[in-house]
Structures are given as structure tokens and as C-alpha cells.
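User: Can you walk me through this structure? I'd like the helix packing, then a few residues.

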Amino acid sequence: MLTAFLLAFIVGGALCVLAQLVVDVGRLQPASTMVLFVSLGALASGLGLYEPLVKVGGAGATVPLPGFGHTLVQGIIVDVSRHGALGLTAAVLFGYLFAVLVDPKG
């Protein structure tokens with residue numbers, strides 16, 4: 001049990017150190033870093049690379065931001081296997097359409 005806590009601490013700490021390095025060295029804003037890490041977690045999950053990290057690091061891999069991206073992709077995979085890809089296709093298509101057509105004010 002102590003080993004699981006230690007591995008979670010190491011994996012979670014390493015992910016947080018990487019995010020802090022991106023903010024400090026890469027000069028990205030914190031919000032951009034958050035989006036980057038969620039997206040990288042989703043990409044790694046889609047490629048099957050994040051699940052081994054979850055098996056090793058447990059909560060240390062699922063609680064930080066890449067773990068959120070991983071959880072999103074795993075939910076999409078389950079839903080597509082049950083109901084097909086029509087909803088996913090529509091979400092991507094309409095999301096892209098609105099991103100192109102609507103000019104955000106801000």
C-alpha cells in the first residue's frame with residue numbers, strides 16, 4: 001500500500017512539475033497550459049499511452065489535468081462502442097462550424 005502512495009506521489013508530482021516548467025520556461029499563460037495538458041492527456045489516451053501510466057500511478061495520473069483528458073476520451077470510446085459515432089460526428093461538425101462562423105467578443 002505504501003508503494004501505491006509513493007508511485008501516485010511520484011507520477012502526480014512529475015506531471016505537475018512538467019506543467020510548471022511549461023508555464024515558467026515556455027511562457028504560456030496558466031489557462032493555455034491547462035488546455036494543453038488536458039489535450040495531451042486526451043491524445044495520449046486515444047493512442048493507448050495513458051492507461052499504462054494510470055496503472056502505475058493510480059490517482060497520481062488520474063487527478064491532474066491530463067487525467068481529465070484521459071477520462072473524457074475513455075467515456076467517448078465507451079459511448080461510441082455502445083451507440084455508434086453519429087453523436088460524436090455531429091458534435092465535432094457543429095463545434096467546428098460554430099468556431100468558424102461565430103466571432104467571439106471579448
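This is a predicted model: local features need pLDDT of at least 70, side-chain atom pairs count only at pLDDT 80 or more; totals for chains, interfaces and linings use all residues.

User: At what angle do α1 and α2 pack?

Analyst: Helix α1 (residues 2-26) and helix α2 (residues 30-46) pack at about 135°, with axes 10 Å apart. That makes α1 oblique to α2. Helices here are DSSP runs of H or I, at least four residues, numbered from the N terminus. Axes are lines fitted to C-alpha atoms over the stretch in contact, and angles run from 0 to 180 degrees between N-to-C directions. Under 35 degrees counts as roughly parallel, over 145 as roughly antiparallel, 65 to 115 as roughly perpendicular, and the rest as oblique.

User: Is the crossing of α1 and α2 left-handed or right-handed?

Analyst: Right-handed. That term applies if the near helix is turned clockwise from the far one by less than a right angle; anticlockwise is left-handed.

User: Which residues of α1 and α2 meet?

Analyst: From α1, Leu-15, Leu-18, Ala-19, Val-22 and Val-23. They meet Thr-33, Leu-36 and Phe-37 in α2. Contact means heavy atoms within 4.5 Å. By class, the contact of α1 with α2 has seven nonpolar residues, one polar and no charged. Ala, Val, Leu, Ile, Met, Phe, Trp, Tyr, Cys and Pro count as nonpolar, Asp, Glu, Lys and Arg as charged, and the others, Gly among them, as polar.

User: Thr-33, then. Buried or exposed?

Analyst: Buried, at 4% relative accessible area. Buried means under 20%, exposed over 50%, and partly exposed in between, with a 1.4 Å probe and protein chains only. Leaving aside neighbours within four places in sequence, Thr-33 contacts Ala-19, Val-22, Val-23 and Leu-28.

User: And how do α1 and α3 pack?

Analyst: Their angle is about 135°, and the axes of α1 and α3 (residues 50-57) are 8 Å apart. The two are therefore oblique to each other. Leu-7, Ala-8, Val-11 and Leu-15 in α1 meet Tyr-50, Leu-53, Val-56 and Gly-57 in α3. That contact has seven nonpolar, one polar and no charged residues.

User: Which residues make up the largest nonpolar core?

Analyst: Six: Val-11, Leu-15, Ala-44, Tyr-50, Val-54 and Ala-61. A nonpolar core is a set of buried Ala, Val, Leu, Ile, Met, Phe, Trp, Tyr and Cys residues joined through side-chain atoms within 4.5 Å. α1 and α3 are the elements that give two or more residues to this core.

User: New topic. Where does Gly-60 sit, and what does Gly-60 touch?

Analyst: Gly-60 is in helix α4 (residues 59-62). Its relative accessible area is 7%, so Gly-60 is buried. Not counting residues up to four places away in sequence, Gly-60 touches Ala-8, Val-11, Gly-12 and Leu-15.

User: What about Gly-67?

Analyst: Gly-67 lies in helix α5 (residues 65-83). It is buried, at 0% relative accessibility. Leaving aside neighbours within four places in sequence, Gly-67 contacts Tyr-50, Ala-61 and Thr-62.

User: Last one. What is phi of Arg-27 near?

Analyst: Near 60°, a positive value in a residue other than glycine. Most residues other than glycine have a negative phi. Arg-27 lies in the loop between α1 and α2. Arg-27 is exposed, with a relative accessible area of 67%.

Definitions and conventions:
Residues are numbered from 1 along each chain as its sequence is written. Side-chain values use heavy atoms; hydrogens and water are left out.
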